[in-house]
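Student: I have a protein model to read, and I am new to this. Could you take me through it feature by feature?

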Amino acid sequence: MAKVKSKWVCQSCGYEAPAYLGKCPECSSWGTFIEEAETISKIQPQHENKTFFENNIQKINDIIIDETFRFSTGLEEFDRVLGGGLVEGSLVLIAGDPGIGKSTLILQACSYLSNNNVEVLYISAEESVRQLKSRAKRLKVTGNLNVLSQTNVEEIKSAIFETKPKVVVIDSIQAIYSPAITSSPGSVSQVREACNTFMEIAKTTGTTIIIVGHVTKDGTIAGPRVLEHMVDTVLQFEGEKYKFFRMLRAVKNRFGSTNEVGIFNMKDTGLEEVQNPSELFLEGRKEASASGSVIIVTNEGTRPLLVELQALTGFTSYPAPRRVATGIEYNRVLQIIAVLERRVGLNLSKQDVYVSVVGGMEINEPAADLGIALAIVTCLRNVTIEPSTTIIGEIGLSGEIRPVNNIEARVNEAAKLGFKKAIIPKSSIKCNVKGIEIIEVSKLTDAITKAIG
């Protein structure tokens with residue numbers, strides 16, 4: 001006989017308690033505990049297909065991986081972030097803001113897969129099949145794609161075992177519910193139970209399952225934190241809802257790098273891959289750039305990207321001037337301002353400083369330090385840097401310019417886009433790129449002199 005167990009679960013982090021708590025001891029959230037009655041059955045699930053897992057112990061050198069172990073989605077940017085394509089038997093979670101294009105991306109990939117003799121089952125838990133057909137028609141999605149509108153995890157499980165597809169899409173995990181759990185869909189217990197079921201199906205049958213997830217208002221993936229630990233790959237779909245480009249990042253990937261990023265252009269007919277992202281981020285830049293504008297070369301995974309940085313300074317009468325950073329780590333900007341005051345002698349104590357990355361790009365690497373410093377200096381002195389100059393380098397606390405990784409690839413990317421000069425850190429490894437003048441600097445003061453005279 002089934003045993004009924006009552007518990008209190010935090011809806012923010014999934015912490016379980018035997019009684020109600022006002023404040024969660026795990027995530028410090030207030031008023032997030034909800035009582036849930038979970039039915040725990042001792043009956044073990046039976047699987048019709050257990051061919052993917054083998055019970056016998058093998059030597060790792062004797063295991064053979066054939067070419068079908070990983071297959072393409074038809075979108076090069078999507079494959080790049082995945083590490084080369086979808087992996088057989090993997091569980092992939094794609095999360096992003098509402099309306100950002102998650103379902104559009106998945107539908108376009110499903111169209112390619114179904115047109116290439118890959119059996120795909122698209123399960124829509126938020127739309128009817130007619131609504132899904134209407135969106136597919138707008139995106140010009142074709143192919144022998146199987147669709148199902150269902151929210152019951154047991155019915156979905158039966159449909160997967162019946163059709164035996166190679167790829168299954170769950171859109172979305174927050175709308176799926178299990179009848180064995182009394183809490184509402186989207187709760188911690190429901191999301192955890194549904195994800196555990198899909199993980200079991202993926203690992204026992206070799207089916208690749210793609211799960212679409214929602215995010216909270218602070219940008220984190222909705223549901224329990226264990227959701228990210230259970231899946232093999234976590235992809236974050238980013239971008240401003242009212243801007244045209246989207247970025248796909250790998251937050252977690254057991255089968256590839258987490259440094260790769262895929263860039264797409266959102267159009268009326270769907271997502272279009274951006275083959276040259278640097279041109280996209282520099283598209284609106286004028287030839288005669290204003291003061292406070294510089295071009296840096298950031299590294300996203302194995303791909304160098306040219307991005308425009310802008311800084312604005314202005315006198316303030318308040319005792320505490322404002323420091324605003326958009327697309328750059330705030331503390332990093334404060335550190336660079338301190339170095340400019342101490343090592344260069346600039347007086348920024350009465351200046352508001354605003355630093356922004358054009359296009360909504362997020363830059364987290366220290367190679368942007370020198371670009372930030374020069375943007376602030378040029379705006380303060382009301383001078384400009386030649387539009388054909390790019391800036392690369394990390395700044396130390398003593399004002400030294402430190403080397404960065406992948407320097408030759410960065411300079412080579414700048415040369416391809418027509419830049420004539422590159423200010424880079426002085427290093428024992430010489431950078432030899434034809435068609436561009438290399439200026440090596442070892443101190444911040446030298447970089448300022450070389451850039452603006």
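Student: Let me start with one residue. In which helix is the place of valine 188?

Tutor: This is a predicted model, so keep that in mind throughout. Valine 188 belongs to helix α5, which covers residues 188-205.

Student: Is valine 188 buried or exposed?

Tutor: Look at the relative accessible area. For valine 188 that value is 1%, so the residue is buried. Now look along the chain. Glutamate 16 is 172 residues apart from valine 188, yet their C-alpha atoms are separated by 10.0 Å.

Student: How many helices and strands does the protein chain have?

Tutor: There are 11 helices and 23 strands. The protein chain has 453 residues, and 49% of them count as buried. Consider also the contacts between residues at least 6 apart in sequence. Of these, 66% join residues at least 24 apart.

Student: How do I read a pair of aromatic rings?

Tutor: Use the distance of the centres and the angle of the planes. In the whole structure, a search finds three aromatic pairs. One of them joins tyrosine 15 and phenylalanine 33. Their ring centres are 6.4 Å apart and the planes stand at 85°, so this pair is edge-to-face.

Student: Which parts does the pair of tyrosine 15 and phenylalanine 33 tie together?

Tutor: Tyrosine 15 lies in the loop between β1 (3-10) and β2 (16-17), while phenylalanine 33 lies in strand β3 (residues 33-40). The pair therefore ties together parts 18 residues apart in sequence. Tyrosine 15 is partly exposed, at 32% relative accessibility. Phenylalanine 33 is buried, with a relative accessible area of 5%.

Student: What is the geometry of phenylalanine 237 and phenylalanine 264?

Tutor: Here the ring centres are 6.2 Å apart, with planes at 75°, so the pair is edge-to-face. Phenylalanine 237 is in strand β11 (residues 233-238), and phenylalanine 264 is in strand β13 (residues 261-267). The two are 27 residues apart, and the pair links distant parts of the chain. Both phenylalanine 237 and phenylalanine 264 are buried.

Student: What sits over the ring of phenylalanine 71?

Tutor: The charged end of lysine 166 does, 4.5 Å from the ring centre.

Student: Which residues of helix α11 are buried?

Tutor: In α11 (residues 444-452), Leu444, Ala447, Ile448 and Ala451 are buried. Look down the axis of α11. The buried residues fall within an arc of 100°, so they line one face of the helix. The elements covering them include α8 (330-344), α9 (369-381) and β22 (421-425).

Student: How many residues are in the largest nonpolar core?

Tutor: This core has 45 residues. Leu340, Val355, Leu370, Ile376 and Leu444 have the most contacts inside it. Helix α9 gives the largest share, seven residues. Now take leucine 340 and leave aside its neighbours within four places in sequence. Its contacts then include Ala373, Ile376, Val377 and Leu444. Another core, of 33 residues, lies apart from the largest one, and Leu86, Ile100, Leu107 and Leu235 are among its residues.

Student: What is a disulfide, in general terms?

Tutor: A disulfide is a covalent bond between the sulfur atoms of two cysteines. To count one, look for a pair of cysteine sulfur atoms within 2.5 Å. By this rule the count here is zero. Still, check the cysteines for burial. Cysteine 24 is buried, with a relative accessible area of 1%. Cysteine 379 is buried too, at 12%.

Note on methods: Residues are numbered from 1 along each chain as its sequence is written. This is a predicted model: local features need pLDDT of at least 70, side-chain atom pairs count only at pLDDT 80 or more; totals for chains, interfaces and linings use all residues. Side-chain values use heavy atoms; hydrogens and water are left out. Buried means under 20% relative accessible area, exposed over 50%, partly exposed in between (1.4 Å probe, protein chains only). Rings of Phe, Tyr and Trp (its six-membered ring) pair if their centres lie within 6.5 Å; planes under 30 degrees apart count as stacked, over 60 as edge-to-face and the rest as tilted. Helices (H or I, at least four residues) and strands (E, at least two) are DSSP runs, numbered from the N terminus. A charge sits over a ring if NZ of Lys or CZ of Arg is within 6 Å of the ring centre and within 35 degrees of the ring normal. The arc is that of the directions from the helix axis to the C-beta atoms. Contact means heavy atoms within 4.5 Å. A nonpolar core is a set of buried Ala, Val, Leu, Ile, Met, Phe, Trp, Tyr and Cys residues joined through side-chain atoms within 4.5 Å.
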